[in-house]
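User: I've got a structure to go through with you. Can we take it piece by piece?
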Amino acid sequence: MVACGSDAVRIIAVGPPSGAPGCFPARLLAAASVGRSVSGREVGAGTGTSRLVGGAPGPAGGALGAARIVAVDLVRVELHLAVGHRTSYGEERHRPVVLARVLVEGGESAGGAEGWGECAALADPVYDEEYAAGAWAVLRDHLGPRLLGAEVDADGDLMHTLSGVGQVLGAVRGHRMAKACLEMAVADAVLRWSGRSLAFALGVEATHVAAGAAVGLPDDLARTRDEVAGAVAAGFARVRVKIAPGCDVGPVRALRSCFPDLAIQVDANGAYGHDGARALDGLDDLGLACIEQPLDPADLLGHAELARRWRTPVCLDESVRDAADVDMVAALGAASMICLKPARLGGIGPAVDAHRRARLARIGLWCGGMLQTARGRAVDAAVSGLPGFVLAGDLGMSSPAFVEPDPFGSVRLRSGRVEVYQGAGVGPLPDADRLRAVTAEEVSVAR
Ligand code: MG
């Protein structure tokens, strides 16, 4: 269950702050409320307004109309994983997280709402080109200024609205994780304002979805065995084990012997060369759910060869950089499964597009995690409620995820499933005290 302080729709009146509206640092919130950034430059009321498209009115009655994004603020929080996550590219322990908060105001109701997004970029550019410090810079200097002042149809069709966000941000090449952060924040704001949940907007009826767990490299077999046993005891329906050259077939075979009925998948994060992947042939008789990303992300032809050679499904993660890549994967027969990560594909809109293309191509899906806070996981849980997800998603953790309290609450498992957030927005607002405790840096974006 996603813990949250309140399911109530939180709508903030835009005007001089009274008391503690929202939970954003008072300095930034006050600046946003009077339509100016902390640097003193006007926000949202100047020239260059971008028009975002909308669609049919939502369940709130369609009375909100067009609104404007009057503030884009960034917050960097510093978290640390309670248990280091070991992969073929190293160990993740430090987890800086870039958050974006947008403030939307105006429309016929003369109100407004805040929305929060999370950037999935890791501390270092090892899993992907993007990394937290780089995301911070591009959000502050390029993406945030483009979004500031844009108009948004607050109660329109969410996919149309997010498509508009994508168009506004599309002038900047790449940086999909950073774009997903802003897209999530806009989605949160318009959904919160119109009283809709993300699940409702996506047409997801499931209230709970199956959750899997991820464990690191099995370089210490006893420790990994304990981790997997803990995940099973906690109720996780599936376990993903990282592998790397020299730490693959032997330990995975040993784990399989300990957990003969467990759904196990392995993830190499592209660590193998074309010839080196021969070593993974020994995984093919272990009844694994899939072998994920054995080769370099660019090597789709190599993956197609492995997909023909192995009975075990080949799954692609890093190779699928955007929705259109799904068509390429299908055309080449490079995989029969795709790891869908909204935070890495550019956001909810691109993820829904990728989902549609994968369904048409009869490619199975599952939702991978990015060591996110409960905010990012709430989005993943809602998206995982769409049809076609054949494996449980990385939606929870088998142990406390972070040393510090998660500003967005925690993800709790019940009978192997996590709750799909049903409140307005994509998830609960952050807790002010917990956010303040882990905030390292904050800035208001200026045009
Ligand atoms: Mg992966």
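User: Which residue of β3 stands opposite A100?
Analyst: G117 stands opposite A100. One caution first: this is a predicted model, where local features need pLDDT of at least 70, side-chain atom pairs count only at pLDDT 80 or more, and totals for chains, interfaces and linings use all residues. Residues are numbered from 1 along each chain as its sequence is written.

User: How do β2 and β3 pair, and over how many bridges?
Analyst: Antiparallel, over eight bridges, with β3 covering residues 111-118. Two strands count as paired if DSSP finds at least two bridges between them. Strands are DSSP runs of E, at least two residues; helices are runs of H or I, at least four residues; both are numbered from the N terminus.

User: And what joins β1 to β2?
Analyst: 15 bridges, with β1 (residues 66-87) and β2 running antiparallel. The two form a hairpin with two residues between them. R86 stands opposite E91 in β2.

User: Why call β2 largely enclosed?
Analyst: Because 12 of the 17 residues of β2 (residues 90-106) are buried. Buried means 20 or more other C-beta atoms within 10 Å of the residue's own; exposed means 12 or fewer, partly exposed is in between, and C-beta atoms are placed from the backbone.

User: How much of the protein is buried overall?
Analyst: Buried residues make up 54% of the 447 residues. The protein has 13 helices and 14 strands.

User: Which residues touch the most other members of the largest nonpolar core?
Analyst: V98, V104, C181 and I338, in a core of 134 residues. Helix α4 (residues 176-194) gives the largest share, 13 residues. The core also draws at least three residues from each of domain 1 (26-195 + 431-444) and domain 2 (201-419). Those domain bounds come from an automatic or database domain assignment. A nonpolar core here is a set of buried Ala, Val, Leu, Ile, Met, Phe, Trp, Tyr and Cys residues joined through C-beta atoms within 7 Å.

User: What is V98 in contact with?
Analyst: Leaving aside neighbours within four places in sequence, V98 contacts L74, R76, C119, A121, A132, A135, W136, L139 and C181. Contact means C-beta atoms, placed from the backbone, within 7 Å.

User: Switching to helices. At what angle do α3 and α4 cross?
Analyst: Roughly 145°, and the axes of α3 (residues 158-169) and α4 come within 10 Å. On α3 the contact is made by L158, T161, L162, V165 and L169; on α4, by K179, L182, E183, V186, A187, V190 and L191. Axes are lines fitted to C-alpha atoms, for helices over the stretch in contact, and angles run from 0 to 180 degrees between N-to-C directions.

User: Now the seven-stranded sheet. What's the strand order?
Analyst: β6-β7-β8-β9-β10-β11-β12, an open sheet with parallel pairing. β6 (213-215) and β12 (364-367) stand at the edges with a single partner strand each, so one side of each has no neighbour in the sheet. β8 (residues 263-267) pairs with β9 (residues 291-292) over two bridges. There, D267 stands opposite E292.

User: Which helix lies across β11 and β12?
Analyst: α11 (residues 348-360), running at about 170° to β11 (337-340).

User: Last one: is D380 buried or exposed?
Analyst: Buried, with 25 other C-beta atoms within 10 Å. D380 lies in α12 (residues 374-383). Not counting residues up to four places away in sequence, D380 touches P342, C367, G369, G393 and L395. The C-alpha atoms of D380 and K341 are separated by 7.4 Å, and the two residues are 39 apart along the chain.

Notes:
Contact = placed C-beta atoms within 7 Å.
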